[in-house]
Amino acid sequence: MKTTFKYDHYFKYEEMKNNLEALQNQYPNLMQLEVNCVTPEGRNQYAAALTNQKTGTSLSKPALYIDGNIHAGEVTAAEAAMYTLDYLLTNYESDSKCKEVLDHYTLYIIPRVSPDGAEKYLSTPYTLRSAPREYMYKKGGIKKEDLDNDGVIRMMRIPTPYGAWKKDPEDEDLMVFRQPCDTEGEFYDIYPEGILNETENDNNLKCEKDVWGLDFNRNFPLGWFPEARQEGAGKYPLSNPETKALVDFVLAHNNIGGAAIGHTSGGLFLYPPGTMASAKAFPSDMNVMKSISAMGEKLLSYKPMNIFDSFMSDQEHFDSGALDDWFYQSQGIPAYTVEFWDVCTKAGAAYEWGQKETDKQKDLKRFNAVLAWVKTNAPEYYVPWHTISHPSFGKVEIGGFNSKFTMQNPPEKFLQHECEQDALFNISFVLSLPKLVMESVTSDRISDHMYKVTAVLGNHGYMSTRLTDEAAALKTVKPIIVSISTDSVISGSKNTEIQNLEGFSQTDTGCFYGNLTTLQSAKAKAAVTWIIKGDPGDIVMVKASNEKSGSVEAAVTL
């Protein structure tokens, strides 16, 4: 797949900024770039609108929203968003599918929601959830630091008679759990590589709570809970400028009809609701979400999964305040969290989502499988255990793989494949949106200077013009407005409302005595009729518009 830039590495802020600006300069009629907000450290959160301005403004067409890097370390999502943007622009003139998308639809892409967080992640040994801003920090315990100055924070094993681990007697690179009867031998605690941030009451070792504890995907308004219930949630909904900017952007672009939200990892297409069982949601909405995610499964081999039913391990104290839930449960917009990259499955030890209890032996087996995969497929990210002198513990050993670019994100040589397949999914997704068409406009003479004008409107898309039944229940649905240009309307309304046109997702299909059958077509068409005064040869315009399905117009000669 042809792109302007290479996707064999992870972009830092300046490179991403330069690439975005270069693409805007190269394709001014296809891309409009704006600064959606400026972060506390002075970086821009960019938003790009992709559409062919010659065929209509960005707001006049059905739109797909795409983002990445709500979580700072999930940098694959930013690369995938950039790749989709780059691919559509670069191939517009040569690829009919890219041309169809940009001529008839809009894509709003915010590739890096947290540029401050991503820059910290990519430029230092540290990991963080969302932003490098101190939040609910409590000193005490092992604070993560790169002690051997190799640019990576790995594992650290500390010899101690209290340890719960011992070396695997068959392979000392591996660790096994200490058995209840083990009383003699060398035992270890394993912590992240780091220093001891000791306090007066630290009699027992533990991992220190992260200084940068904010979690942007717990800061959205739908299902928001305070810190006591939901760690990282922030002081109040949208208390972070980056998250508030996202919601403001969506609310300012009413043509958004779908959302693909980029995260890592796990190889999943997660769809809402995430605050209640899918059985309590509208069945037709769930069928649509399953069908769209099935396209993603075919392209990326990612598993479709409802968030609440299958992804959540605790359905009483579930994670909440997420962007996908806000999209669907407050705006009625179908949304997917795309969890890129699945090293566990590649290693032959697929993760079992939604488990109610932790199985430590399975977790250890999975870790060892990933370790073996890294040694074989990305050895540059593995370092054997080696001894260093620790300022608090004396001789300790440090080693293991770089989880940032093996577990959380793919090694660079695997990155482009993830991006390529995701671009194809995004194209499939946007083409699933509702699409308003003017099937015909006719004029029939009734008598001298009296004409009957009939316009037939249709929806050629998969999704309904109302998007979802949830949107109808939330009363966020706006009608299709059909207007006629003349003021000489005798019968009918100059501006007529059509409440909804179904997409072909609502066509009832099946088999009847062995034959494939369309049992009932979706109600995807509607006619509007006017009686008007006019003269032979007069040209009358009929226009129709809907914020989710676009705008169309046609002329008829009396």
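This is a predicted model: local features need pLDDT of at least 70, side-chain atom pairs count only at pLDDT 80 or more; totals for chains, interfaces and linings use all residues.
Me: How far from the ring centre of Phe 187 is the charged end of Arg 178?
Reply: Arg 178 places its charged end over the ring of Phe 187. The distance to the ring centre is 3.6 Å.

Me: Why is strand E16 described as largely enclosed by the rest of the structure?
Reply: Strand E16 covers residues 394-401. Buried means under 20% relative accessible area. E16 is largely enclosed because the buried residues among its eight number six.

Me: Which residue of E16 is the bridge partner of His 390?
Reply: Strand E15 covers residues 382-390 and runs antiparallel to E16, with seven bridges joining them. A hairpin of three residues leads from E15 to E16. The bridge partner of His 390 in E16 is Gly 394.

Me: Which residue of E16 is the bridge partner of Met 155?
Reply: Strand E6, residues 155-159, pairs with E16 in the antiparallel sense. Three bridges hold that pairing. Met 155 has as its bridge partner Gly 399.

Me: How many aromatic pairs does a search of the whole structure find?
Reply: The search takes in the whole structure. Rings pair if their centres lie within 6.5 Å. The number of aromatic pairs found is 24.

Me: Is the pair of Tyr 7 and Tyr 83 stacked or edge-to-face?
Reply: The ring centres of Tyr 7 and Tyr 83 are 5.0 Å apart. Planes over 60 degrees apart count as edge-to-face. The planes here stand at 70 degrees, so the pair is edge-to-face.

Me: How many residues apart in sequence are the parts that Tyr 7 and Tyr 83 tie together?
Reply: Tyr 7 lies in the segment before helix H1, and Tyr 83 in helix H2. Both Tyr 7 and Tyr 83 are buried. The pair ties together parts whose separation in residues is 76.

Me: Where in the chain does Phe 405, the partner of Tyr 121, lie?
Reply: Tyr 121 and Phe 405 form an edge-to-face pair, 6.0 Å centre to centre with 70 degrees between the planes. Tyr 121 and Phe 405 are buried. Tyr 121 is in helix H4, and 284 residues separate the two. Phe 405 lies in the loop between E16 and helix H11.

Key: Residues are numbered from 1 along each chain as its sequence is written. Side-chain values use heavy atoms; hydrogens and water are left out. Buried means under 20% relative accessible area, exposed over 50%, partly exposed in between (1.4 Å probe, protein chains only). Helices (H or I, at least four residues) and strands (E, at least two) are DSSP runs, numbered from the N terminus. Two strands pair if DSSP finds at least two bridges between them. Rings of Phe, Tyr and Trp (its six-membered ring) pair if their centres lie within 6.5 Å; planes under 30 degrees apart count as stacked, over 60 as edge-to-face and the rest as tilted. A charge sits over a ring if NZ of Lys or CZ of Arg is within 6 Å of the ring centre and within 35 degrees of the ring normal.
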